[in-house]
Amino acid sequence: MSLSDPVMAALIGALATVLGALVQLRLSWRKELKERERGQPITKRTRRGPVIVVFALMIAAAVGGFALSEYFMSLRNGDRDTLRAELQSKLSEISASAARLERARLAEREQAESGVARAEALRRGEEGVAASALVGPCKAQSVATAGSRSHCGEQDAVRVAVCVRVPASATVREVLLYIRFDDTQQPWADSRVQPGQDAGGARFVEKFFERPDGDAAKQVCQGFVNWSGEKARQARILVRYAL
């Protein structure tokens with residue numbers, strides 16, 4: 001691993017100081033031994049020599065320790081940067097995997113919801129979707145003569161359209177029609193009529209028609225005519241369809 005310039009300079013300076021101090025200490029020691037052999041007295045200057053050398057060695061050791069700590073710190077920082085880069089890479093992989101799993105989960109959910117909605121639409125189409133309308137009695141436009149009752153003709157009839165909302169892609173298989181008086185408890189199954197059939201002053205038109213109801217739906221409608229002036233009528237249709 002490459003060292004920075006300050007760390008390299010500190011190491012070189014510490015090494016040079018240590019070497020110089022060792023050389024100086026050796027020279028001083030040899031000089032002191034020679035003086036002792038000759039019997040010369042040891043002066044204060046001579047005694048200070050080793051002390052100065054030891055002091056220089058302490059300074060060199062401090063500088064070397066600082067340089068060495070800086071070296072270890074640089075190694076640790078390098079390892080930390082490498083570890084940080086690896087962690088960032090792992091986090092990116094985990095985030096990408098989580099995003100893929102979330103998209104897959106949403107796709108599965110949408111597919112399941114779409115399947116449930118389609119199954120529900122198929123079930124409703126097989127069972128049929130119903131709608132009904134309450135149509136009041138007809139009121140004649142002509143004025144009745146004294147002692148006579150006014151009668152509605154078909155030209156005076158109340159006309160409505162009974163509509164059922166189905167999916168836009170639906171194909172109508174069958175439209176069942178029912179007519180009964182408003183105050184009767186007769187079951188709908190017993191009130192079924194055919195298109196165009198006269199049910200006592202009321203009838204459905206012969207053919208149903210379709211009209212759009214937004215982008216996803218449409219309406220299936222059956223016209224109803226009531227020219228009875230006696231009671232209100234309930235008109236009901238049941239539309240069965242396929243997708």
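**Exercise 1. Work out whether Cys 221 counts as buried or exposed, then follow the disulfide it belongs to.**

Solution. Start with the surface: Cys 221 has a relative accessibility of 1%. Buried means under 20%, so Cys 221 counts as buried. Keep in mind throughout that this is a predicted model.

Next, look for its partner. Cys 221 is joined to Cys 163 by a disulfide, with the sulfurs 2.0 Å apart. The cut-off for calling a disulfide is 2.5 Å between sulfur atoms, and by this rule the count comes to 1.

Now place both ends. Cys 163 sits in strand E2, residues 158-167, while Cys 221 sits in strand E7, residues 217-226, so the bond ties together parts that are 58 residues apart in sequence.

Last, the handedness. The torsion about the S-S bond of Cys 163 and Cys 221 is about 110°, so this disulfide is right-handed.

**Exercise 2. Describe the overall make-up of the protein: its elements, its burial and its contacts.**

Solution. Count the elements to begin with: you get 2 helices and 8 strands. Then read them off from the N terminus, and the order is α-α-β-β-β-β-β-β-β-β.

Turn to burial. The protein has 243 residues, and 26% of them count as buried. Its accessible surface comes to about 16900 Å², with 56% of that belonging to carbon and sulfur atoms.

Finish with the contacts. Take those with a separation of 6 or more: residues 24 or more positions apart account for 71% of them.

**Exercise 3. Classify the aromatic pair of Tyr 178 and Trp 188, and find which arginines lie over the faces of these rings.**

Solution. The structure holds 2 aromatic pairs.

Where do the two residues sit? Tyr 178 is in strand E3 (residues 171-181), and Trp 188 is in the loop between E3 and strand E4 (192-193), so the pair links parts 10 residues apart in sequence. As for burial, Tyr 178 has a relative accessible area of 8%, so it is buried.

Arg 180 lies over the face of Trp 188, at 3.9 Å from the ring centre. Over the face of Tyr 178 you find Arg 236, at 5.5 Å from the ring centre.

**Exercise 4. Trace the surroundings of Ser 228 and say what the side chain of Arg 233 reaches.**

Solution. Locate Ser 228 first: it is in the loop between E7 and E8.

List its contacts next, leaving aside neighbours within four places in sequence: Pro 137, Cys 138, Gly 200, Gly 201 and Arg 233.

Then move on to Arg 233, which is found in strand E8, residues 233-242. Arg 233 is buried too, at 3% relative accessible area. Its side chain reaches the backbone oxygen of Ala 199 at 2.9 Å.

**Exercise 5. Compare the sequence and space separations of Arg 118 and Leu 243.**

Solution. Arg 118 belongs to helix H2, residues 44-127. With a relative accessible area of 47%, Arg 118 is partly exposed. Along the sequence, Arg 118 and Leu 243 are 125 residues apart, yet in space their C-alpha atoms are 8.8 Å apart.

Terms used
Residues numbered from 1 in each chain as written. Predicted model: local features only at pLDDT ≥ 70, side-chain atom pairs only at ≥ 80, totals over all residues. Heavy atoms only, no water. Helix = DSSP H or I, 4+ residues; strand = E, 2+ residues; numbered from the N terminus. Buried < 20%, exposed > 50% of the residue type's maximum accessible area, 1.4 Å probe, protein only. Polar contact = N/O pair within 3.5 Å; in protein donor to acceptor, adjacent residues only side chain to side chain. Contact = heavy atoms within 4.5 Å. Areas by Shrake-Rupley, 256 points an atom, 1.4 Å probe, with all protein chains shown as cover. Phe/Tyr/Trp six-rings, centres within 6.5 Å; stacked < 30°, edge-to-face > 60°. Lys NZ or Arg CZ within 6 Å of the ring centre and 35° of its normal.
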